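Student: I should like to learn how to read the features of a protein model. May we go through one together, step by step?

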Amino acid sequence: MTEALQTELVNFGGLSSEASADRKAELARHVAVLFSLTSDKCSDEQIDIYDAVLLRLVNMVEVEVRRFVSERLAELRRGPERTIRQLAGDEIEVAEALLRRSSVLKDPELAGIADVNSNAHRLAIAQREVLSEEVTDVLVRRGDIRVKRRVASNPGAAFSLEGFEGLLDAAAEDHALQLALSERRDLADAHIARLVEVATESVRQKLVIAGALADAEQLPQAARIAEQRMSNDYWLSRYDFEAARTRVLTLMRDGRLNESSLRWLAADDRFAEAVVAFASLTKVSLTEASNWMVRLDVEPFLVVAKANNLSSLTVATLLKVGPWRHRLTVQARAQALARFDAMRVDDARQRFAQRSELPAD
């Protein structure tokens with residue numbers, strides 16, 4: 001039956017070696033278009049049949065036609081996997097669309113292509129909306145400076161410690177890479193300090209928060225900037241709390257602001273909204289809440305949360321939101337949650353009533 005269906009698409013018996021290139025190109029385009037229009041309705045068996053047909057056809061046609069097929073397949077959620085893998089490893093003119101957009105290509109395949117193909121292939125992969133550590137490790141290790149700049153500036157790229165170290169090594173000699181890294185929100189404090197050490201003066205100036213230059217000359221510049229970069233104000237400056245306040249006020253007006261909605265905001269990593277919601281539910285100022293929810297010492301936050309009877313689940317979710325997602329280790333979060341669970345509500349309320357003693361920065 002499979003052979004019959006394949007023949008219905010393309011009669012390879014009649015497609016002799018003497019058949020014109022135009023005829024083969026026409027068939028390849030026809031099958032690619034037909035599949036792109038019907039892929040969502042195809043069964044797995046039908047996709048396998050298209051795969052077998054397209055794989056034979058792309059081996060018969062020129063670059064221009066293979067590029068056409070690649071671009072047709074790049075946007076599809078389901079596709080002929082063997083054909084896509086072959087085209088993704090083709091010359092860059094053919095492969096680019098698939099490497100940049102195809103969801104059919106999985107991380108091991110992307111990592112393999114990045115490892116053995118050209119920097120042009122790696123540059124295309126670096127532009128994908130989402131990149132895992134498995135893939136970025138290869139891009140950083142094997143890619144040239146253009147690849148490193150592009151992947152560093154990709155907000156959807158995740159990096160391992162090894163990946164960040166590789167980028168920082170290269171950044172010592174490249175101003176553009178320093179700028180790209182300075183815009184990232186997922187640098188650990190140690191990486192921030194190292195970036196400050198290697199950065200050019202213009203990048204260092206960019207890293208200084210507003211008002212930090214007034215006394216910058218009183219300390220060695222790199223140390224001063226590192227201190228400021230790791231400060232609460234640096235982390236908080238990334239978020240628009242005014243816009244967040246407006247969105248949370250809408251929840252309040254609709255009667256939907258409660259612990260469940262706070263937890264939902266945190267789970268969705270909407271840090272600014274979570275801070276505003278936390279402040280509203282616990283009756284503290286936004287300044288207090290924002291500073292308590294960014295600092296490395298989480299004790300003030302734990303006291304306020306316990307005093308207001310927030311659940312362990314909510315606290316655990318909040319400990320992974322916004323800057324804490326990058327600044328707190330797994331161990332630090334576990335220790336904080338253990339302290340929260342051991343804390344007595346009456347003791348927390350007494351400390352909360354005297355919260356002027358809780359440090360705000």
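Tutor: Let us begin with a term that we shall need. A polar contact is a pair of N or O atoms within 3.5 Å; within protein, one must be able to donate a hydrogen and the other to accept it. Please keep in mind that this is a predicted model. One case concerns Arg184: a polar atom of its side chain lies 2.9 Å from the backbone oxygen of Asn154.

Student: Where does Arg184 lie?

Tutor: Arg184 belongs to the loop between helix H12 (175-182) and helix H13 (189-198). With a relative accessibility of 6%, Arg184 counts as buried, because buried means under 20% relative accessible area.

Student: How many helices and strands are there in the protein?

Tutor: The protein has 25 helices and zero strands. Of its 361 residues, 49% are buried. Among contacts between residues at least 6 apart in sequence, 65% join residues at least 24 apart.

Student: How confident is the predictor, and which elements have the lowest and the highest mean pLDDT?

Tutor: The pLDDT is the predictor's confidence in each residue, from 0 to 100. The protein averages 85, and 83% of the residues score at least 70. Among the elements, helix H15 (residues 221-229) has the lowest mean pLDDT, 48, while helix H8 (residues 119-125) has the highest, 98. Over residues 1-7 the pLDDT is below 50, and this stretch has six contacts in the model beyond near neighbours in sequence. The value also stays under 50 over residues 209-229, for which the model has 32 contacts beyond four places in sequence.

Student: What should the 18 residues of helix H2 span?

Tutor: At 1.5 Å a residue, helix H2 (residues 21-38) should span 26 Å. The end C-alpha atoms of H2 are 26 Å apart, which agrees with that expectation.

Student: Which elements do the buried residues of H6 pack against?

Tutor: The buried residues of H6 are Val94, Ala95, Ala97, Leu98 and Leu99. They pack against H4, helix H5 (81-88), H7 and H8. Leaving aside neighbours within four places in sequence, Leu87 is in contact with several residues, including Val94, Ala95 and Leu98. Val69 is another of its contacts; Leu87 and Val69 are 18 residues apart in sequence and 8.7 Å apart in space, C-alpha to C-alpha.

Student: Which residues touch the most other members of the largest nonpolar core?

Tutor: In soluble globular proteins, nonpolar side chains tend to be buried together. Here the largest nonpolar core has 101 residues, of which Phe278 and Phe301 touch the most other members. Helix H19 (residues 271-282) gives the most to this core, with eight residues. Not counting residues up to four places away in sequence, Phe301 touches Phe278, Trp292, Met293, Val315, Leu318, Leu319 and Trp324.

Student: What does the side chain of Arg325 make a polar contact with?

Tutor: Arg325 lies in helix H23 (residues 323-327) and, at 42% relative accessibility, counts as partly exposed. The side chain of Arg325 makes a polar contact with the side chain of Asp269, at 2.6 Å. Not counting residues up to four places away in sequence, Arg325 touches Asp269, Lys320 and Arg333.

Definitions and conventions: Residues numbered from 1 in each chain as written. Predicted model: local features only at pLDDT ≥ 70, side-chain atom pairs only at ≥ 80, totals over all residues. Heavy atoms only, no water. Helix = DSSP H or I, 4+ residues; strand = E, 2+ residues; numbered from the N terminus. Expected span 1.5 Å × (residues − 1). Buried < 20%, exposed > 50% of the residue type's maximum accessible area, 1.4 Å probe, protein only. Contact = heavy atoms within 4.5 Å. Core = buried A, V, L, I, M, F, W, Y, C linked by side-chain atoms within 4.5 Å.
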